[in-house]
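Here are a few notes to read alongside the model. Take them one at a time and find each spot on screen as you go.

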Amino acid sequence: MNAVEARLDRLRGSAAPRAHNARTISALASNPGCARRAVMDAAGVDKQRVAAHVGHPAPFGQSQFAITRGNAFEAQVKAGGCAQLLRLLRERLRLPIPEVSYANLDDVAGDTSNKVRHARTRALLARAAASGQDAGTLFDHPLLRLRAGGRAVYLEPDLIAFQLRGRFHVVEIKSFAVIDGQADGGKVAAAVIQSAVYVLALRDLLAELGTGPEAVSDEVVLVCPKDFSNEPTAALLDVRKQLTVLRRQLARLDRIEDLLAQIPQAVTFDLEPDAAGVPRRDRRALELAIGAVPARYTPECLETCEMCRFCREEAAGSTAALGRATRDDLGGIDDIGTVLELARGSVPPADHQAEAAAAIRAAARMRGEILGATG
Amino acid sequence: MSVLTALARAQAWQAGRAQPVATVRHVHVAPRPFVFVPLALAGEACAPLAAMAGDDPADPRLLVVAQPRNRTQRFAFAAELGRELLRYIGGFPAGGAGEEGAGAAADRGTAGQGAGEGGEGERAVPPDAPQVWLPNRAGIGFTRLLGRSTRFRRAEGEHAVDPVVPVLGRWLTFLAERSEHPGSCLMLAATEALALHWATGQSPAEDLNLASLIGWIDPPAWTDGREAARAAEDPLAWPPAGPATDPGFDNEVLARLIAACDRAEAGGGEAARAKAALGEALAGQLEPAWRLTWRAIGLLRALPEGGHVAGRWEADRRAFGWHAAHLRDGGPPQPRRDSAVAAARRLDSMERAAASLAVQRALDDPLVMAEHRLAGEALAGRVTAAEPDRVITGPSGRRVLRPLVTVRTHDPVSVEPGTVLAPPGRPNQHARVESVAPLGARGAGMAGASGASGASGASGAGAGAAGETEVVLELSGGMGQRLTPAPGSVPGVGDWVCYATLRDEYQPPAGFPEPEQTPWTHGGPPRPYEPTDEDAREAWS
């Protein structure tokens with residue numbers, strides 16, 4: 001174990017590390033400047049429990065109806081050796097797929113451990129890559145591995161198809177509907193970046209086997225229910241842009257040492273659970289520990305990060321808490337108090353604030369003039 | 001967003017209360033609106049779970065789908081909602097699409113043909129129109145999907161549904177589409193309408209929560225906006241205003257109650273009791289949003305109406321009249337996707353509406369106009385000199401009245417001599433800029449690039465004449481026919497005036513080919529839309 005890993009273990013404390021998954025890796029891309037998130041994720045900290053212990057549990061939850069629906073749709077598409085999926089790939093995407101075999105990698109002779117499943121995935125993919133052009137195989141729930149923040153992270157795409165147009169394709173099955181050819185933009189974006197994580201992991205694996213990145217397609221297959229039915233439809237989505245973003249983020253995660261160097265050695269997010277597993281850590285001490293790692297809160301965090309409510313509380317009184325656009329409109333001045341002082345003209349602006357201050361004062365004057373002295 | 005709104009947010013945070021960003025109301029508020037609060041089952045494309053609907057705040061109609069995955073129950077929900085909505089719409093003359101007419105229209109729907117957009121102009125504008133409110137934009141999205149999944153259904157044949165269902169679908173589709181039209185008020189989202197008038201001390205993302213938004217605007221007496229907004233985020237106290245439910249409610253309450261309904265159905269007995277328990281739980285989730293939506297309507301109604309609101313509402317009434325007539329005449333349902341020409345026309349009309357709305361709002365509201373003043377597109381200040389009786393010889397040799405007015409303003413002036421401005425509220429008057437002269441040594445407002453030294457002298461509010469500009473304007477038009485101005489048509493010394501480059505001018509629609517002449521680059525002439533059996537049969541599962 002190297003020094004970085006030891007340090008990360010100490011940050012996490014006694015709890016077992018929480019593994020990254022495609023969703024957490026893609027979430028990194030949404031707020032890359034946040035050191036707090038990067039460090040906590042690299043250390044495998046259970047952010048939800050930490051946030052709850054300091055009194056700010058994340059407002060996330062998943063409805064069992066959504067989970068049931070998602071699982072049922074995936075099962076339906078994959079039933080009978082992916083019969084529905086194959087028909088879709090052939091008819092809808094007009095992919096020339098000859099005879100296909102199907103390999104379920106959910107377990108290896110009953111063994112569901114990550115190590116064994118990954119080894120098996122690797123072996124099968126290696127054989128496929130080495131084989132001729134005609135061999136078509138659908139790999140169900142392969143287990144890939146990606147290095148993120150100095151650690152190996154196991155990732156499980158829904159499906160990898162080989163070979164479509166001579167390349168591996170990641171297939172992602174989602175249960176949100178495509179209605180009259182249109183789907184929810186936010187959901188598609190999330191699916192695309194998740195799939196990009198799998199493409200990256202698959203390329204890593206093949207690179208270890210000496211196969212170049214061109215063996216994995218930039219295009220992923222997204223399978224969704226069509227209109228209001230359970231019938232699947234598919235689309236090819238280009239993930240090149242997302243790959244670039246992710247690579248940059250992962251490279252940054254690899255420099256986690258730089259971030260760690262700025263944090264006091266004594267900092268830990270250990271919840272100090274007692275024998276029954278109940279966290280006993282002093283709440284104030286934990287708050288200080290979290291505070292020792294700088295965050296970059298934006299309201300978008302409320303959608304993606306378990307620490308959001310804590311960070312929002314911490315950012316109270318800052319223009320960033322009012323949203324990025326508001327902060328920009330106020331010339332990037334951080335503190336609401338400063339903005340209002342500049343508006344009143346009660347403090348002289350610093351050099352770099354002169355232009356923003358003039359605009360703020362003009363705005364304040366107009367609001368005052370129109371609304372009366374109360375503004 | 002602008003510095004003004006951003007500053008209002010900062011002020012709201014400090015004050016613990018939302019701050020106005022409008023001095024007048026920019027939306028029409030109907031005397032008797034219809035509120036629709038839908039809930040959908042998580043994970044499904046469009047599975048109605050429950051709704052509160054109606055036009056009487058004291059008497060909402062509760063609609064519940066005991067098994068949201070059951071197709072028959074879904075259509076029963078749609079029929080019930082349809083009757084409720086059509087009863088409301090039928091109350092508007094010219095709407096005339098009461099239940100009977102509606103059914104007949106549905107029957108004829110299959111026989112209808114042609115694009116059916118004609119008949120513009122001659123038809124009288126209906127005296128009033130329905131107005132439907134949802135708590136938020138996501139609710140309108142759900143409405144659109146519900147419209148899409150019901151409008152192609154048929155009242156006869158193998159998959160026959162209640163005749164009211166397709167008519168509901170067509171009205172919902174019409175309303176949801178119309179809500180994308182800038183300035184339209186036939187279907188409104190309460191959060192958006194409120195956010196147009198108030199800035200809160202939180203982010204726009206958090207403003208999407210109606211309870212939290214109203215917490216800032218109208219906090220309870222014992223607390224302030226910050227506290228009220230935080231309290232509003234507790235899903236137990238304030239369940240989400242739909243259409244998505246609280247996952248905690250789904251897992252801990254809803255799943256159990258739906259299962260109980262299923263069991264009761266299968267085993268007989270208990271059924272009524274299980275359904276009542278489910279209804280009660282869902283009513284508990286819906287009621288807060290129902291009340292909040294009505295409160296939002298009340299808050300907005302209390303504001304004085306802007307001058308151009310009635311004009312925009314007239315356009316809404318006209319659109320309502322067209323759609324009602326289209327239904328009555330047996331026109332086909334809205335297609336799944338617009339054809340190329342229809343889409344281009346719609347986009348063009350929306351762009352023109354957006355431009356006109358922006359100008360009208362500024363002309364109606366000094367707070368909105370202030371944004372244009374900050375951007376240098378308008379200026380306001382006090383008249384320091386006036387020559388109301390100035391007469392000159394015009395280019396044609398005739399003597400014309402051309403008063404001069406000198407305005408002193410703090411605004412950052414970027415207009416140049418020769419620019420023609422107009423005073424809001426006097427669309428016939430023009431003011432040509434004669435000269436622009438900065439007063440005092442320090443640069444005018446933001447444009448002053450003098451750097452730090454320029455700002456260092458600013459101490460205390462209203463720092464003298466620093467940054468003031470004197471603008472001389474020559475007025476023409478809107479002053480009567482004589483060589484002396486009509487009383488009140490030229491401002492006097494000491495008056496507060498505003499002049500803007502904005503003008504609410506009629507923009508003619510862009511020219512588009514007839515659909516039959518659609519060029520090959522856009523797919524060629526579209527096949528006229530014919531509702532198919534396939535459409536009517538479409539799965540809704």
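Which residue in S5(B) does Val35(B) stand opposite?

1. Val35(B) faces Trp133(B). Keep in mind that this is a predicted model. S5(B) is the strand at residues 132–134 of chain B, and it runs parallel to S2(B), with two bridges joining them.

2. Now look at the other partner of S2(B). Strand S3 (residues 48–54) of chain B runs antiparallel to S2(B), and six bridges join the two. Here Val37(B) sits opposite Met52(B).

3. In a regular strand, side chains alternate between the two faces of the sheet. In S2(B), Phe34(B), Phe36(B), Pro38(B) and Ala40(B) point one way, while Val35(B), Val37(B) and Leu39(B) point the other way. Seven of the seven residues of this strand (residues 34–40) are buried, so the rest of the structure largely encloses S2(B).

4. Next, the place where the chains meet. Chain B brings 59 residues to the contact and chain A brings 53. On the chain B side, H1(B) gives the most, with ten residues. That side has 31 nonpolar, 18 polar and ten charged residues.

5. The largest nonpolar core has 230 residues, and Ala363(A) and Leu7(B) are among those touching the most other members. Helix H7 (residues 185–208) of chain A supplies the largest share of this core, twelve residues. Setting aside neighbours within four places in sequence, Ala363(A) is in contact with Val3(B), Leu4(B), Leu7(B) and Leu374(B).

6. Last, zoom out to chain A. Its domain assignment gives domain 1 (3–58 + 255–299), domain 2 (64–249) and domain 3 (319–371). Taken over C-alpha atoms, the centres of domain 1 and domain 3 of chain A are 34 Å apart.

Technical notes: Residues numbered from 1 in each chain as written. Chains lettered and ligands numbered in written order. Predicted model: local features only at pLDDT ≥ 70, side-chain atom pairs only at ≥ 80, totals over all residues. Contact = placed C-beta atoms within 7 Å. Helix = DSSP H or I, 4+ residues; strand = E, 2+ residues; numbered from the N terminus. Nonpolar A, V, L, I, M, F, W, Y, C, P; charged D, E, K, R; others polar. Domains from an automatic or database assignment. Core = buried A, V, L, I, M, F, W, Y, C linked by C-beta atoms within 7 Å. Buried ≥ 20, exposed ≤ 12 C-beta atoms within 10 Å, placed from the backbone. Pairing = 2+ DSSP bridges.
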